[in-house]
Every structure is written in C-alpha cells, then in structure tokens.
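Me: I'd like to go through this structure with you and ask where the labels come from. Here it is.

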Amino acid sequence: MRAIDPDAVPTVLVGESEQRQALSVRPTLASQVARGEAQETVRETVERMRTVELTIAYGDKVAVNRVSLTVRSGEVLALIGPSGCGKTTLLRSLNRLVELTPGANRWGTITLDGADIYELEPTELRRRVTMVFQQPNPFPFSIFENVAYGLVEGGRRPKRGSELEQQVVTALKRAGLYEEVADDLGHPALRLSGGQQQRLCIARALAVEPEVLLLDEPCSALDPISTEKIEQLMHELAREIAVVVVTHNLQQAWRVADRVAFMYLGDLVECGPAREVLENPQAPRTRDYVRGLFG
Ligand SMILES: Nc1ncnc2c1ncn2[C@@H]1O[C@H](COP(=O)(O)OP(=O)(O)OP(=O)(O)O)[C@@H](O)[C@H]1O
C-alpha cells in the first residue's frame with residue numbers, strides 16, 4: 001500500500017509522446033488494413049477531455065497517480081497495463097462514477113471541452129460521457145425499451161412516438177445491431193446472445209448522443225466473432241466521438257487503438273501512437289510488458 005506523496009514524480013514519458021501526437025493522424029483498424037480490406041486513412045483528432053495531475057485514492061491506497069492525459073474525438077485510446085494498475089479507476093473518473101465508491105478521493109483536474117467536470121451536473125456529464133461495462137447489462141425489458149430507456153434516463157426522450165422510434169432505430173444502427181433485430185424490436189433483451197446484448201448496451205449508451213464513450217473491457221465476456229464486431233464498431237464510432245477502452249488484451253489494443261496509454265502501479269508510464277508504444281516502447285517497463293515479461 002502506497003501513501004499519497006504529492007511530491008512524487010511519476011515515471012511519465014507522456015509529455016514528449018503527447019506532443020508528437022498533437023499532429024496526430026489515425027490509421028484504420030489495423031486488422032482490416034492487414035487483411036487488405038481497408039486503406040490507411042488520416043483523420044483529424046480534436047481534444048475533448050484532459051486530466052491534469054489526476055490522483056485518485058481509495059482511502060490511503062493510491063490507484064491513479066498524477067496522471068495527465070488527453071482524450072480526443074477521431075481516435076480510440078486504449079488504456080493498458082497489468083491487473084490493478086488503475087485503468088478502470090482512471091476510466092471511471094472521466095464521468096465521475098468513481099466518486100460513487102465510498103472512500104474514493106480525487107486530486108487534480110479533469111475537463112470536458114475545457115470545462116471542469118466537477119462544475120457540471122453529474123447526470124449531464126454522464127450523458128455526454130457514457131460508459132459500457134465489462135459484462136453486458138441490459139434491462140429485463142424488450143430491445144426497444146432498453147434503448148428508449150437510455151433516452152429517458154439521459155433526459156432526451158422525444159415527445160412524439162415516431163421520433164422516439166426513429167431515435168431508437170438510429171442508435172441500434174450505430175451500434176451495428178439493427179439488421180439482426182429489426183424484425184422484432186419487442187424481443188426480450190435477455191434472450192439475445194452475449195455479443196448482441198453488449199451491442200444493445202452500446203446502443204443504449206449512444207442513444208443520448210455522447211461525446212465520449214468509455215468501454216471497460218467490453219469484449220472480455222464475448223466470443224471471437226462478437227469481439228470482432230465490437231472492435232469494428234469502436235473503430236467506426238471513433239469517426240464521430242472519442243472512444244476510450246480499457247483492455248488487458250494487447251492484441252486488442254493493437255487491433256483497435258490509435259493511441260495507447262500504458263499504466264503501472266497507478267502511474268501513466270507511456271502514452272503515444274499505438275504503433276510506437278506497442279512496437280517500439282521507450283520506457284523499460286512498457287517494453288517488458290509488451291514483450292510479455294509480466295502481466
Ligand atoms: N473500491 C475499491 N476500494 C479499495 N481499493 C480499490 C477499489 N477499487 C480498486 N481498488 C484498488 O485500486 C487499484 C487499481 O484498481 P483498478 O481496478 O482501477 O485497476 P485495473 O488496472 O483496472 O485492474 P484490473 O485490470 O484487474 O481490472 C488496485 O490496487 C485495486 O485493488
């Protein structure tokens with residue numbers, strides 16, 4: 001257990017990498033490119049969120065240590081690192097879910113489009129920065145009701161039924177699920193496959209038109225085909241919004257991420273373009289991790 005040391009200097013190479021990334025371009029999904037199904041494209045990224053010297057502790061246990069990081073639309077950012085390094089805590093801090101954990105404390109700042117997220121209403125923040133969890137968690141209602149609930153919860157329920165229907169269909173299409181369920185939107189959500197349930201949860205999250213989508217190991221409970229669909233989806237969604245994914249799977253980071261942040265014992269050790277961090281890491285810790293010397 002480490003005590004909070006406000007003067008501690010974390011091992012961060014982030015400044016240099018972040019600067020390089022400021023002129024960032026985005027490759028298409030690596031696996032697609034490898035299969036020749038897509039051309040490498042360049043895409044502009046826009047900063048949406050920024051953490052500055054963010055520290056999160058549970059009691060006297062520091063989970064995230066003075067992390068400074070940007071989150072940008074136009075790209076997928078993958079948070080990687082060994083178990084317990086603070087990935088989920090960092091992710092949950094971005095929409096203030098972490099403050100719901102008793103004993104959690106925060107130092108440092110987090111902004112969304114330049115505004116301190118602690119000055120925003122938590123409900124409004126969580127509409128703009130939505131989260132999808134490791135285990136698919138649809139409600140025990142129909143497919144339609146699950147997505148419509150997202151709109152109600154996010155305060156975005158339209159007045160007219162046809163508008164609601166349109167918004168539900170749009171969210172299901174964006175989540176890549178509509179084609180599979182269009183025949184029966186009244187079908188119980190819990191009777192869908194695990195992968196379909198997860199895409200339904202993504203549709204529910206997208207219904208409120210977030211600016212940032214947070215995904216906490218979204219494929220860890222899924223089969224390879226469902227995993228590929230969700231990875232493809234992350235890639236497509238990143239055209240419009242910022243996508244941040246926690247993964248302990250380096251292959252997944254390689255397939256989906258444009259930028260990778262490697263964490264170790266709460267520190268952000270290295271952050272930069274996915275290929276640089278995964279193929280040619282600068283920090284010895286990152287190198288050992290991507291070479292599989294520890295996990
Ligand atoms: N509610 C909590 N109370 C106390 N300590 C916690 C709590 N949640 C997490 N921690 C501790 O904070 C540290 C970071 O945990 P976190 O779950 O963020 O890491 P992680 O990298 O996401 O791990 P994993 O890959 O295993 O999910 C760990 O040491 C963990 O034990």
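Reply: Let's start with L192, which sits in the loop between helix 7 and helix 8; helices here are DSSP runs of H or I with at least four residues, strands are E runs of at least two, and both are numbered from the N terminus. Keep in mind that this is a predicted model, where local features need pLDDT of at least 70, side-chain atom pairs count only at pLDDT 80 or more, and totals for chains, interfaces and linings use all residues. Residues are numbered from 1 along each chain as its sequence is written.

Me: Why is L192 called buried?

Reply: A residue is buried if 20 or more other C-beta atoms (placed from the backbone) lie within 10 Å of its own, exposed if 12 or fewer, and partly exposed in between. L192 has 20 C-beta neighbours inside 10 Å, so L192 counts as buried.

Me: What makes a residue a contact of L192?

Reply: Two residues are in contact if their C-beta atoms lie within 7 Å. Leaving aside neighbours within four places in sequence, L192 is in contact with Q197 and L200.

Me: Which residues of helix 5 are buried?

Reply: In helix 5 (143–153), they are I143, N146, V147, A148, G150 and L151. Their cover includes helix 6, helix 7 and helix 8.

Me: And how many residues of each class are in the ligand's shell?

Reply: Three are nonpolar (Ala, Val, Leu, Ile, Met, Phe, Trp, Tyr, Cys or Pro), two are charged (Asp, Glu, Lys or Arg), and eight are polar, meaning the others, Gly among them. Helix 3 gives the largest share of that shell, three residues.
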